[in-house]
Amino acid sequence: MQHTNSINAFAKACQLIPGGVNSPARAFGGVGGQPIFIARGEGPYLFDVDGNRYLDYCGSWGPLILGHAHPRVVQAVTQAMTRGASFGAPTELETQLAELVTQLMPSIEMVRMVTSGTEASMSAIRLARGFTGRDVVIKFAGCYHGHVDSLLVSAGSSATTLGVPTSPGVPKGCTKDTLVLRYNDVAGLEEAFKAHGDKIAGVILEPVVGNMGLVVPAKEFLSSLRSLTQQHGALLIYDEVMTGFRLALGGAQQLQNMKPDLTVLGKIVGGGLPVGAYGGRADIMKKVMPAGPVFQAGTLSGNPLAMAAGLATLQELRDRPTYAHLEKLGAMLEAGLNVHHRVQRVGSMWTMFFNAEPVVDYDTAKKSDTAKFGRFFWAMLERGIYLPCSQFEAAFLMSVHTEEHVKQTLAAAKEALAAI
Ligand code: KE4
């Protein structure tokens, strides 16, 4: 494959945009080389500016569970655009999406739309602190909740990929009330609540982690989280930005039969357009301004185009559930790749780890052979398979992937692994 136009496009972008990208996750920092510039997407495929076609397992980092340019989403957004892009006033589309979100995730009795997962996490943390009157928040090393100052401590995803899990520019004052524990460490959780229980406003976690690569929570870890937060009057906050409407129509909380106090959403809820959301118990959500005193606002929150994309996406997932299809393809992919390297998977979210041991937390994730992952990434790209460009990310199947696509992917992987 030749990448001349991508190379030229990147050189030009680097003169005007830091690192040539608008998000470091796309910078290929974890795999070497430089990013491919995309011209368009169609179904399960990406087409780059050199005309190369790739089978896409990144799906814009999760939002595109229905694949690129799904007709129902295209039609909804196009129609919405003809009515005007934004009004700075309420529309019924926002209520329709709120209604569908609360129907699909019953723990969410009320919901507020924002424009990114970061904004949703930031607002949920502020709300937890405002509702409880407490300051301490617990997060887990390797989890990523967006670039929220107070949560940019031992953060996963591109913060880890690029070696800055704790970013410069975040004053100590922003993180002094952030307690970072080890994922799946029940004893650590018990100790933290024993020592600080009455100061803890909330615990935020990825209920299935994507940002260390895919890591599954132990059952006793989840049950301890729920019981300890309830016992100490702290809020349990499920960051379902990646897992929401992905692992099941009702997200990870449906699979795990868990009822968090607050849920953070993003990605699929916007169908590829900028939407984040946070919601949960009505008594908590009623503290959000203007119903209550906890401030949060946004010019494009609930933007009609984004609402149209999110609504069309969730309606399609409700009307034609694709989860059995995604599970079948996921199991097929896992069985085929597992013969080479450890695959960790839940439904359509998966990671192939270059790691001798099970990855259960940030410490074990960081033992992965990221150099070998980088060689594998490029060997697959050259064979027309586009994976997330980091060992510390999850890959995603889409509803438009087929068994034939999985077979092609397994054949490419066998060749790629032999070549590296
Ligand atoms: P955004 O602000 O990027 O919309 O959402 C932040 C976020 C919050 N919570 C979880 C569990 C997330 O996975 C994310 C964002 N995910 C990364 C990829 N793992 C987005 C890619 C990027 O940063 O460009």
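## Salt bridges and the model

A salt bridge is a side-chain nitrogen of Lys or Arg within 4 Å of a carboxyl oxygen of Asp or Glu. Side chains of opposite charge can pair when their charged atoms come close. The structure shown above is a predicted model, in which local features need pLDDT of at least 70 and side-chain atom pairs count only at pLDDT 80 or more, while totals for chains, interfaces and linings use all residues. Residues are numbered from 1 along each chain as its sequence is written, and side-chain values use heavy atoms, with hydrogens and water left out.

## Arg72 and its partners

The structure holds 17 salt bridges. One of them joins Arg72 to Glu316, with 2.9 Å between the closest N and O atoms. Arg72 lies in helix α2 (residues 71-82) and Glu316 in helix α11 (residues 304-319), so this pair ties together parts that are 244 residues apart in sequence. Helices here are DSSP runs of H or I with at least four residues, strands are runs of E with at least two, and both are numbered from the N terminus.

Are these two residues buried or exposed? Buried means under 20% relative accessible area, exposed means over 50%, and partly exposed is in between, using a 1.4 Å probe and protein chains only. Glu316 is buried at 9%, whereas Arg72 counts as partly exposed at 24%. Arg72 also forms a salt bridge with Asp319, where the closest N and O atoms are 3.0 Å apart. Asp319 lies in helix α11 and Arg72 in helix α2, so this pair ties together parts that are 247 residues apart in sequence. Asp319 is partly exposed, at 35%.

## How α2 meets α11

Now look at the two helices themselves. The axes of α2 and α11 come within 8 Å and cross at roughly 150°; axes are lines fitted to C-alpha atoms, for helices over the stretch in contact, and angles run from 0 to 180 degrees between N-to-C directions. α2 and α11 are therefore roughly antiparallel to each other, a label for angles over 145 degrees.

The contact (heavy atoms within 4.5 Å) includes Arg72, Val73 and Ala76 of α2 and Leu305, Glu316 and Asp319 of α11. By class, this contact has ten nonpolar, two polar and three charged residues. Ala, Val, Leu, Ile, Met, Phe, Trp, Tyr, Cys and Pro count as nonpolar, Asp, Glu, Lys and Arg as charged, and the others, Gly among them, as polar.

## Around α14 and α15

Another salt bridge links Glu415 with Arg383, and their closest N and O atoms are 2.9 Å apart. Glu415 lies in helix α15 (residues 403-419) and Arg383 in the loop between α14 (370-382) and β13 (385-386), so the pair ties together parts that are 32 residues apart in sequence. Glu415 is partly exposed at 48%, and Arg383 is partly exposed at 32%.

What is the angle between α14 and α15? They pack at about 130°, with their axes 9 Å apart.

Notes:
Parallel < 35°, antiparallel > 145°, perpendicular 65-115°, else oblique.
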